[in-house]
Each structure stands twice: as C-alpha cells, then as structure tokens.
Amino acid sequence: QVIKCKAAVLWEANKPFSIEEVEVAPPKEHEVRIKIIASGICRSDDHVISGALVMPFPIILGHEAAGVVESVGQGVTSVKPGDKVIPLFVPQCEECKSCLNTKGNLCSKTDLGTSGGLMPDGTTRFTCKGKAIYHFLGTSTFTEYTVVHESAVAKIDSAAPLEKVCLIGCGFSTGYGAALQTAKVEPGSTCAVFGLGGVGLSVVMGCKAAGASRIIAVDINKDKFAKAKQLGATDCINPKDFNKPIHEVLIEMTGGGVDYSFEVIGRTDTMTAALACCHYNYGVSVIVGVPPAAQKITFDPMLLFSGRSWKGSVFGGWKSKDAVPKLVDDYMKKKFVLDPLITHTLPWTKINEGFDLLRTGK
C-alpha cells in the first residue's frame, strides 16, 4: 500500500524546506517502512543545503531519527511491525570488507561519498507532484514515513524515549565514539575538542567517560562554554581572545601539546590547527566534522613524520547495527545523558526555524 504523508522536501540548494504531500512506496524485498517519531537536525543536513555536501535534488534530508516499523518487505527477519527502531545512515551489511574486519565500520553499502540518493536497487521510494524524490544517506527522516534497507535499521528497547534516543542515530554516537572507539582516549590523558555543537559536546562526554584528566573545549561562541563544562570540559577557550594561532596557545597550555585532539566543525583550517596542537611525537588528531566539498589541505609533512597520527571517524567508529541497540541500553541504564544536547523541541512543520537556530549557534 502506498502511504500519502507529509514530508519536508528540499527542491534546490540554498532554499528553505517545503512541506509537501509525498507518496511513500511500500517496502520491497529486504526493506523496512518506518513511521518517524522524532528527528534531530544535524549540520550534515545543512551542508547539503549550502552545497558543501553534494547531493542530487529534489531530496528529503534527515538522518538522525527514531521511529516505529510500519511494514516490512519480503525476507526481512531482524525487525517486525511495531518494533521501535533507529535508522542507520551507516548501514551494516555484514558481508563487505569493512563489515567483516574488526577494525572497520564504514559499510560499502553506505551512500556517504557516493551521493547516489537512491535505494540499493537504484530506485527511489518517494514521489511528490509526479516527480521522483531522492533519498539522503539511505535514511531520509524529515518525513512522516520513510523506507530503508534492512541493513540500515536497528531494533531498540521498546521502553526507550524516541525523542531522546534519536540522537544515538548520529550526533551523540558520532562524538562519543570518536573519543572511545576511534581515538581510544586513555585515563589521565589531555584532550582538545574543536567545536561545541551537539557532536563536539558528545566528544567531551566520551573523553570524560574514558577518564581524560584535562579536556580543553575550543569554540568561537562563548555561549557554548557553560554546557561544555557541565558535560566534563575542564577548560574552555575562544580563539578570538588570542593574538596568536590557537594551536600555539594549546601547546603552551599543555606544555607540548595534547594527547588527543578532535575537529568537530568541518573546516580545513581547524583540521590543520587540531593536528598541530597535538603532541609532535605521539599525539592523535581525529577529524569528525564532514569536510567541505572541493577543498584541499596543504600542510608540512614534518607534522606527521615526527610521529603524530591523523585519523578520520565516521559514526564514531561503531558498527552501527551492533552498537546502536547497546548504546540505547546504556542510555536506559543512565551511563550517559542526552538531555543537555537537546536545546529545542519543535513541531516538525517548523523545520526551517530549527535550521535557523542551528545556523545562529543556538
């Protein structure tokens, strides 16, 4: 049965979302149709609007959500109608090289970097005004109903509050895992976190959970400092307060550089600063923010020759289908908090206002 429902369609770049009636096709073999209950707004969605992340239009964005299974296609065994679920923008097919390797988590079935905007079979499940609408990262959560592949959905605890655990679908897991999984922060270590949005704050929480003794939070918006301290930051610094490069400030503050640094903004200048501020010999710097399209980094190779490591992290290094239900369980056991990451709760027809709040740093 085709479902007619409302969705926020982005017809072209740099324009607001348009709330439209869309048709959502039934799930095909190994697909799941989900009623979306709650969706977070992530900077990666905004990167598509601005053109920093290149995707085809028209498109239904959104990739950080939680919902309830409405129906399943043939052959689906891991979920059934009525199950509470989180869609996974990094799927877990359990067959590709990344899925089979213990160190890997970026499944080859992901739409990240391919910008196909289609289901694995090369078609779309969304139609609006007779036009095919593209999917985003295999999830597309800014709609009342969406269809995902079975490899891109995780069944979670039926008691979990969906309006909170939706953050485990991207922002929280991405930041928390960057510290715990990708960097493997050790007790007593020193960390620097560039960018204190929802993901940056989740990195702070991960560093704290790992037992870091010093967590230096860096942002040009000082309004973010109170919350960063509440979640575990020991120092908060604003690059605008100094007349020298921020990496030099951090090297001085720590007597030679931090053990771990995290770039959680998605800018090439801060990526280079984060690399330069970690210890020249054993420092590890992790890129968490989505890099802007068509920009390159030029740096002195001596920065790496002396022993530093430069790493990337997608979805916090977690194997999505395995980790998401466990992270939800940890939340239910109060091993971490999500409430401080939620600043506003809006009816989804106010999605454009939500993006304005994101862009103004609120």
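The following legends describe close-up views of a predicted model.

Helix H1 spans residues 43-50 and is mostly covered, with 6 of its 8 residues buried. The buried residues of H1 are Ser44, Asp45, Asp46, His47, Val48 and Ile49. Helix H11 (351-359) is included in what covers these buried residues of H1. Directly after H1 comes Gly51, for which phi is positive, near 95 degrees.

**View B. The packing of H1 with H11.**
The axes of H1 and H11 are 11 Å apart, and the two helices pack at an angle of about 100 degrees. Angles from 65 to 115 degrees count as roughly perpendicular, and H1 and H11 are therefore roughly perpendicular to each other. On the side of H1, the contact involves Arg43, Asp45, Asp46 and Ile49, which meet Phe355, Leu358 and Arg359 of H11. Sorted by class, this contact of H1 with H11 comprises 3 nonpolar and 4 charged residues, and no polar ones. Two of the H1 residues named here, Asp45 and Ile49, are also listed among the buried residues of the helix.

**View C. The cis peptide bond between Phe57 and Pro58.**
Most peptide bonds are trans. The bond that joins Phe57 and Pro58, however, is cis, with omega about -10 degrees. Pro58 belongs to the loop that lies between H1 and strand E4 (65-72).

**View D. Leu137, a residue with positive phi.**
Most residues other than glycine have a negative phi. Leu137 is not a glycine, yet its phi is positive, about 50 degrees. Leu137 is placed in the loop between strand E7 (131-133) and strand E8 (145-149). The relative accessible area of Leu137 is 4%; residues under 20% count as buried, and Leu137 is therefore buried.

**View E. Lys184, a further residue with positive phi.**
Lys184, likewise a residue other than glycine, has a positive phi near 55 degrees. Its place is in the loop between helix H4 (171-183) and strand E10 (190-194). Lys184 is exposed, because its relative accessible area of 54% is over the 50% cut-off.

The structure holds 0 disulfides. For Cys166, the closest cysteine sulfur is that of Cys170, at 11 Å. A disulfide requires sulfur atoms within 2.5 Å, so the sulfur of Cys166 is too far from that of Cys170 for a bond. Cys166 counts as buried, at 4% relative accessibility. Cys278 is also in no disulfide, and the nearest cysteine sulfur, in Cys277, is 6.1 Å away. With a relative accessibility of 1%, Cys278 counts as buried.

**View G. Gly130 and Glu23.**
Gly130 lies in the loop between strand E6 (126-128) and E7. Its relative accessible area is 70%, and Gly130 is therefore exposed. In sequence, Gly130 and Glu23 are 107 residues apart, whereas in space their C-alpha atoms are 9.2 Å apart.

**View H. The annotated stretch 198-324.**
An unreviewed UniProt entry carries the annotation "domain: Alcohol dehydrogenase-like C-terminal" for residues 198-324. Over residues 198-324, the chain is 36% helix and 16% strand.

Notes:
Residues numbered from 1 in each chain as written. Predicted model: local features only at pLDDT ≥ 70, side-chain atom pairs only at ≥ 80, totals over all residues. Heavy atoms only, no water. Buried < 20%, exposed > 50% of the residue type's maximum accessible area, 1.4 Å probe, protein only. Helix = DSSP H or I, 4+ residues; strand = E, 2+ residues; numbered from the N terminus. Contact = heavy atoms within 4.5 Å. UniProt positions renumbered as here; feature names shortened; annotations may be inferred. Axes fitted to C-alpha atoms, helices over the stretch in contact; angles between N-to-C directions. Parallel < 35°, antiparallel > 145°, perpendicular 65-115°, else oblique. Nonpolar A, V, L, I, M, F, W, Y, C, P; charged D, E, K, R; others polar.
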